[in-house]
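Walk through this fold with me, one element at a time. Keep the structure open alongside the text.

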Amino acid sequence: MNSQNTALTLVGLQERRPWPPKRVSLALQGGGSFGAFTAGVLDRLLDEPALEFDAISGSSAGAVNAVLLASGMISGGRAEAQARLRGFWNRMSASAAATSLAASAIGMALSPVLNSLSPYQFNPFNIDPLRDALAAEVDFAKLRAEAPMKLLIGATRVSDGELRIFEASELTIEMVLASACLPLVHHAVEVAGEPYWDGGYAGNPPLIPLARASDASDLLIVRTTPTVSGRLPKTKSEIARRLERIQFNATLNAELEALKLGIRLRATPKLRRLRIGMISAQDEFAGLEDESQADLGREFLDRLWRSGRDAVEIWLEQSSPAGRGRAA
C-alpha cells in the first residue's frame, strides 16, 4: 500500500525540534476490529524506552486500547502494557470464533427479521463480550487511583448528541462500554442515569480536548477508519458502511482543520509549539476499505497488528529531521 501519507507532520510556524520526541500525546480513533491496527501501533511505540505518553484520548476501540495501555503500565510497565493489549485482542478473537458458526446460521435464517429489529429486541439480555474482556484485563479501581497519563475517553450523550469526556480519575467499565456502544448493535449504556452511545459520533477521537489537556509538544493521531473508497457503493450494505465511515471521520476532519488553523494563526502559546503527526491504517493495510470492522478473525487481526507496528517504523523514519516539513 502507498505509505507516503502515513507520516504527516504539521510543523506550521514552529522551530524545528529534535526527533523522535521524548513525550507525546495520542489521539486514538475508533473502528471496531480495525482497532487491532492501533494496538500494533501502541505495541511498537512501547518498544521505545525514551518515549513517554503525556495524554491519550480515544473513542470506541481507541478508548479500549487507551485503558489497556494505561492499566498495563500501572501493573508492570511497558511489557505488561503490551501483554494486556495482546491478551485483549486474543480474547476478543477467541470469543468471536466460538460464536461465529451459530451466529452465521441464525443470521442466514433470520436476516430479514434482524434487519428490522433493534438491539433491545434481538439482544434483550444485552450480551456483550467486550464487558468480559475488559473486566479480565483492566483493574478500573487501580486505574482511577494510579493512571500513569491523562486519559480522555469520549462518548456521545444520547439526549443532545454532545460529546462527553470521561477522565482517568472517574473512569469505570461502564464509561468505556459507553464509548464503544454502537446503537444498532448494543443497548445504550447508562452512566449516572444518562444514556450514551459510541463516542465516534461526537468525537472520533476527541482532538481539541486532547490538545487543551496535553502538556506535550507532539500529538500523534492514529486513524483507523478508511477515508477513501475506490468505487461507488451500490448495495444497501455498501451504502450504509460508506455513510458510517464518512460520519465517523467527519468529527476528526473538522477538529483537525480547526487545530491547523490555530497553529497557523499562532492562536495560543501551546498551539505555537504543537507538532501533529498522523498514522493512517488505510495507508498501510492494502484493501482496508473493503474489509469489515466486525471481522475478529485471528489472521485478520494479526495482519492489522503487524501493519500498525510497521506504520510506526515509517512514521519515525519519515518524520525525522530530514523528512519533515510537509503539511498535513
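Strand β2 (residues 23-28) is joined to β8 by 4 bridges, and the two run parallel. Leu28 marks one point of that pairing: its bridge partner in β8 is Val222. This is a predicted model.

Now look to the strand β9 (residues 275-280). There, 6 bridges join β8 to β9, again in parallel. Val222 takes part here too, with Ile279 as its bridge partner in β9.

How many residues of strand β8 are buried? The count is 6 of the 6, across residues 218-223, so the strand is largely enclosed by the rest of the structure. In a regular strand, side chains alternate between the two faces of the sheet. In β8, Asp218, Leu220 and Val222 point one way. Leu219, Ile221 and Arg223 point the other way. Both sets are buried, Asp218 and Arg223 included.

Ser179 sits in helix α6, which covers residues 173-179. Is Ser179 buried or exposed? Its relative accessibility is 0%, and the cut-off for buried is under 20%, so Ser179 counts as buried. What surrounds Ser179? Setting aside neighbours within four places in sequence, Ser179 is in contact with Gly58, Ser59, Ser60, Ala63, Ile153, Gly154, Ala155, Asp198 and Gly199.

Move on to helix α11, residues 298-318. Its 21 residues should span 30 Å at 1.5 Å a residue. The end C-alpha atoms are 30 Å apart, which means that the expected and modelled spans agree. The buried residues of α11 are Phe300, Leu301, Leu304, Trp305, Ser307, Gly308, Ala311, Val312, Ile314, Trp315 and Leu316. An α-helix has 3.6 residues a turn, so residues three or four places apart point the same way. With that in mind, follow Leu301, Leu304, Gly308, Ala311 and Trp315, which are among the buried residues of α11.

Finally, step back to the whole protein. The protein has 11 helices and 9 strands. Buried residues make up 49% of its 328 residues. Consider contacts between residues at least 6 apart in sequence: 80% of them join residues at least 24 apart. The protein exposes about 14400 Å², and carbon and sulfur atoms supply 56% of that area.

Definitions and conventions: Residues numbered from 1 in each chain as written. Predicted model: local features only at pLDDT ≥ 70, side-chain atom pairs only at ≥ 80, totals over all residues. Heavy atoms only, no water. Buried < 20%, exposed > 50% of the residue type's maximum accessible area, 1.4 Å probe, protein only. Contact = heavy atoms within 4.5 Å. Areas by Shrake-Rupley, 256 points an atom, 1.4 Å probe, with all protein chains shown as cover. Pairing = 2+ DSSP bridges. Expected span 1.5 Å × (residues − 1).
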